[in-house]
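Morning, everyone. Please bring up the model on your screens, and we will walk through it together.

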Amino acid sequence: MSTRSVDITLRRLHIPFKRRAKTRGERRSLCHTLYASAMRSAISARGKLLNNVLSSPSLWLRPRRAKIGFAVILASVFGLFYLPHYGFKLYKHVSIRYWFDTDAATFNRSNVGELHKGSGWSYLDRHGFESMILVPTQCLNPPILEGNSVFEFGVGTGGAIHVLASKYKLGKVGGTDFSSNSIEVAKTIFPEFKDNFWVQSMTEPHLRIPENSYDHVFSFGAMGMYLSLDEMPFIVKEAVRITKRGGSLLFTHFIEPGGSHVGSIVDRVPKSFWAAHEKMFGVTATTIQKMDDRQKDRYAVCMTKV
Ligand SMILES: C[S@@+](CC[C@H](N)C(=O)[O-])C[C@H]1O[C@@H](n2cnc3c(N)ncnc32)[C@H](O)[C@@H]1O
């Protein structure tokens with residue numbers, strides 16, 4: 001799809017955008033936004049259609065005919081709207097993985113200061129990336145101390161952990177990602193911990209890691225950006241499981257319903273979601289943290305394992 005046709009389509013769909021896509025990465029991101037928005041509209045239309053059917057008077061006046069009609073409509077609704085829904089999930093996995101596999105294979109590996117560019121952060125210079133990682137860590141309770149162990153879900157090429165390791169002289173580090181090219185790079189950045197990095201989706205249980213294993217568990221721009229809201233409780237509980245008792249967790253790049261800086265974020269998460277699920281997650285001290293200015297109205301969340 002050309003830049004121009006993506007721009008025009010976005011404008012027709014009233015999807016706000018501030019800049020033209022100049023690079024391949026930006027075009028990919030715009031296509032992703034377009035697809036995500038179309039899916040959101042389809043899902044909302046599905047809800048409206050079900051509402052209309054249920055409130056129709058004929059449904060209650062002629063029960064038998066209405067039941068058959070209702071079954072037919074329900075089957076069509078499932079076919080029409082759930083197929084794209086699951087299709088979108090598949091698309092999401094394939095296209096996002098392809099995106100990050102390509103980034104990890106094409107960035108300048110000889111410069112460790114550009115590690116983050118292998119994980120989709122090519123619009124940030126080294127300083128901007130460090131700030132994006134370090135600002136949200138301010139809400140960590142307990143904070144990171146020298147020698148602490150850190151695990152990251154959606155670790156990419158390891159850029160975020162590298163920033164933290166340089167600042168805090170971390171002990172054990174590890175992470176998973178569904179992009180095999182990214183994990184291959186991360187292993188070379190942390191050769192002494194290469195066995196702690198492997199290819200796996202965040203949405204699957206991390207059975208290799210016993211509970212209470214790491215002082216801190218993070219996800220910078222992965223869980224918050226590329227999971228749907230219904231997938232989050234599982235991964236949060238998995239993150240809490242592998243965190244040591246009294247350890248802290250940090251997840252970044254969430255956007256609230258009504259938030260503007262959506263970019264390639266797949267789903268919206270209300271800030272109230274976190275406090276409301278503290279008990280279920282087994283955490284306390286939930287804090288919503290503003291991110292670095294370049295991330296605009298995106299937010300991060302810190303928690304402490306009970
Ligand atoms: C923007 S990058 C962030 C990488 C790293 N956290 C950092 O800050 O440098 C997002 C990462 O999430 C990974 N990712 C997205 N969805 C995933 C999933 N379902 N399971 C595992 N990794 C996923 C991508 O492959 C990508 O490496």
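**Backbone, strands, helices, ligand**

Let's start with N212: it is partly exposed, with 13 other C-beta atoms within 10 Å. Keep in mind that this is a predicted model. Where is N212? It lies in the loop between β3 (197-199) and β4 (214-219).

Now H253. Its phi is near 70°, again positive in a residue other than glycine. H253 is found in strand β5. Buried or exposed? H253 has 23 other C-beta atoms within 10 Å, and the cut-off for buried is 20 or more, so H253 is buried.

One more backbone point. The peptide bond between N141 and P142 is cis, with omega at about 5°. P142 sits in the loop between α5 and β1 (150-153).

On to the strands. Look at β7, residues 299-305. Seven of its seven residues are buried, so β7 is largely enclosed by the rest of the structure. In a regular strand, side chains alternate between the two faces of the sheet. Here both faces of β7 are covered. On one side you have Y299, V301, M303 and K305, and on the other A300, C302 and T304.

Which strands pair with β7? Strand β5 (residues 243-254) is joined to β7 by five bridges, and the two run antiparallel. There, L250 stands opposite C302. Strand β6 (residues 283-290) is joined to β7 by six bridges, also antiparallel. In that pairing, I288 faces V301.

Next, two helices. Helix α5 (residues 126-134) packs with helix α6 (residues 159-168) at an angle of about 80°, and their axes are 10 Å apart. The two are therefore roughly perpendicular to each other. Which residues make the contact? From α5, F129, E130, I133 and L134; from α6, G159, A160, V163 and L164. By class, that is six nonpolar, one polar and one charged.

Last stop, the ligand. Of the 23 residues around the ligand, F100, G154, G156, G159 and A222 come nearest. The largest share, three residues, comes from α4. The shell divides into nine nonpolar, 11 polar and three charged residues.

Methods. Residues numbered from 1 in each chain as written. Axes fitted to C-alpha atoms, helices over the stretch in contact; angles between N-to-C directions. Helix = DSSP H or I, 4+ residues; strand = E, 2+ residues; numbered from the N terminus. Parallel < 35°, antiparallel > 145°, perpendicular 65-115°, else oblique. Contact = placed C-beta atoms within 7 Å. Nonpolar A, V, L, I, M, F, W, Y, C, P; charged D, E, K, R; others polar. Buried ≥ 20, exposed ≤ 12 C-beta atoms within 10 Å, placed from the backbone. Pairing = 2+ DSSP bridges. Near = placed C-beta within 6 Å.
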